[in-house]
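Open the viewer, keep the sequence beside it, and go through the points in order.

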Amino acid sequence: MSIRTHYCGELSAEHVGQTVTVAGWVDTRRVHSEHLAFVDVRDHTGVVQVVVDQKVDVRSEYVVAVTGLVRARPDGMINAELASGEIEIADTNVQILNEAEPPPFPMHDRNEVDENIRLRHRYVDLRRSKMQRNLRARAKVNSAIRGAMERQGFCEIETPMLIASTPEGARDFVVPSRLNPGDFYALPQSPQLFKQLTMVGGMDRYYQIARCLRDEDLRADRQFEFMQLDAEASFVDQEDVFEFISEAVADATEAVTGERPTDIPTMTWHEAQERFGSDKPDTRFGMELNDITDLFAETESNVFKTPVVKGIRMPGGADSLGRNAIDDLTDKAKRWGAKGLAWFRVRDEGLEGALTKFMSEAEISGVQERLEAESGDMVFLIADDRRVANKVLGLLRLELGKPPVNEGGFNFLWITDFPLFEAVVDGNPIPAHHPFTMPHADDIEMLTTATGDEWLDIRSQAYDLTLNGWELGSGSIRIFQRDVQAQIFELLGIGPDEQQAKFGFLLDAFRFGAPPHGGFAFGIDRLTALLVGEENIREVIAFPKTQSGSDPLTNAPSPIDPSQLDELGLRVVPRAD
């Protein structure tokens, strides 16, 4: 027989007159006399007030079961902030199921607690209403994703966790093999190659809520291990991928927020860089970048004799930014790669700033007109090459205007036509995404003609999904022909022998009739965090690592027993830094 008859948060005025039993933790206790106390009992659904008129010593976080009669609260005692705020439980019998030591930190969300203390006692931290809300929202996201993918004909397939090491842009976590001393498995950075093999296997539409592991530096939106929706489909183009991923994202968003996103717009990588200085633009606010290079075509000012001059306008900034703040922004611009930062206050008389004495009247009026600057605004200009101007102004835009994570709605955006290569090192192009991305159909001939920086002009059939300035995930139409894949490997400096050693199983599979295919993966941690208004994905993960990569709860990472090292044929040597 169940200990309880009802959950705390589900009790309401319609239960008045019923005898019920609730079970949970003592949230607060207010003692009125030796034989009268008001106790709030909490479970995952909420809190209910219990009137205790027997001598029972209950304290914070004691585990209790309470049986009693539901009655309406007296006039003036209703608590509108509680779902159960119209009622209380009286004539009670309180059973202490387990005592508890005082919790290591206050349990109410209004209290800020050191993260290391919270994670050391994560089992207590998880009782807080915010964590309950976040993890249950995450469960809704997972459920909605599964429903959306299966409704669209996708089959859930699990891929292995112990694989061969393959370069995917980050360091692998490696696992020594006991049966093959000196050999190692890698934990998957993603299921990329295996999901492509399921396409060769004729599965047509694959998905998985996959655990991925990458040994990279941690930050607010990154953990060593993370969960993603991983999907792949055969005989599809880019628009097909957008359609089925958008459906899953919309279902997940609606499940958590009650609102369904409309059609998600698209923007090319080039346009995103030119307008926002970022490949993951936050479109909740304006302050877009403006190219005003032509205004300075005949300039006499050495400051503006550069390949590109671009600017942004900060509404109302002339009066809200003091000199110290401007100096701080200038220092940041230099750290980001700019030679300096030109700034002007906009007044009724025009631009006001130290550089105006080096500018012509036409340049001064042109800047104000092109940036649509009004009196009281602030104008910032970067004069440099295009890449630096876009990057620095993009970061400055976020510094000055980015709304809090929980304000401004949910602006999803598809970014398309990423460059195939991001740099050229020692004559070899460096892939911007993984090396299995199909080049853009209009640029594929450039694979045999490009030299030098021309490599950077080759577009790919890669795409990202962003939300409020966060990259949710990436995908692409894949290379499915062996000769094209081998050609890309050659361009990346991966010769035939290395190709066969690292990717032979994929190249061999392409010999047996690989269909055209494409896919996508997006981070469930990141999506959930944004939907519930959290700045850090650790707040939506049950047992995360700290930013240093440690786990205060279990003290991982930690040394292992020497006998285990002997069995694996390993020894620990000092690292040469």
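Predicted model: local features only at pLDDT ≥ 70, side-chain atom pairs only at ≥ 80, totals over all residues.

Are phenylalanine 436 and phenylalanine 503 buried or exposed? Keep that in mind; point 5 gets to it.

1. The protein chain has 14 helices and 22 strands. Its C-alpha trace spans about 90 × 75 × 50 Å along the principal axes. Of the 577 residues, 48% count as buried.

2. Which residues of α3 are buried? They are Met131, Asn134, Ala137, Arg138, Val141, Ala144, Ile145, Ala148 and Met149. Notice that Asn134 and Arg138 are on that list. Just after the helix, have a look at glycine 153, which takes a positive phi of about 85°.

3. Now for the aromatic rings. A search of the whole structure turns up 13 aromatic pairs. One of them joins phenylalanine 242 and tryptophan 414: the ring centres are 4.1 Å apart and the planes meet at 15°, under the 30 degrees cut-off, so the pair counts as stacked. The two partners come from distant parts of the chain, 172 residues apart, with phenylalanine 242 in helix α5 (residues 238-257) and tryptophan 414 in strand β17 (residues 412-416).

4. How exposed are those two? Phenylalanine 242 has 5% relative accessibility, so it counts as buried. Tryptophan 414 is at 1%, so it counts as buried too. Both rings also belong to an aromatic cluster, made up of Phe242, Trp414, Tyr463 and Phe520.

5. Back to the opening question. Phenylalanine 436 and phenylalanine 503 are both buried. They form an edge-to-face aromatic pair, 5.7 Å centre to centre with 75° between the planes. Phenylalanine 436 sits in the loop between β19 (428-431) and β20 (462-467), while phenylalanine 503 is in helix α12 (residues 496-509), so the pair ties together parts that are 67 residues apart in sequence.

6. One more ring deserves a click. Arginine 397 lies over the face of phenylalanine 285, at 3.8 Å from the ring centre.

7. Helix α12 comes up again in the packing. Its axis and that of helix α11 (residues 482-491) come within 11 Å and cross at roughly 150°. That angle is over 145, so α11 and α12 are roughly antiparallel to each other. Their crossing is right-handed.

8. What about helix α4 (residues 192-200) and α12? These two pack at an angle of about 20°, with their axes 10 Å apart. That makes α4 roughly parallel to α12. The crossing of α4 and α12 is left-handed.

9. Last stop: glutamate 349, in the loop between β14 (342-347) and β15 (350-352). Is glutamate 349 buried or exposed? Its relative accessible area is 74%, so glutamate 349 is exposed. Serine 375 is 26 residues away from glutamate 349 in sequence, and the two are 8.4 Å apart in space, C-alpha to C-alpha.

How values were computed
Residues numbered from 1 in each chain as written. Heavy atoms only, no water. Buried < 20%, exposed > 50% of the residue type's maximum accessible area, 1.4 Å probe, protein only. Helix = DSSP H or I, 4+ residues; strand = E, 2+ residues; numbered from the N terminus. Phe/Tyr/Trp six-rings, centres within 6.5 Å; stacked < 30°, edge-to-face > 60°. Lys NZ or Arg CZ within 6 Å of the ring centre and 35° of its normal. Axes fitted to C-alpha atoms, helices over the stretch in contact; angles between N-to-C directions. Parallel < 35°, antiparallel > 145°, perpendicular 65-115°, else oblique. Left-handed = near helix turned anticlockwise from the far one by under 90°.
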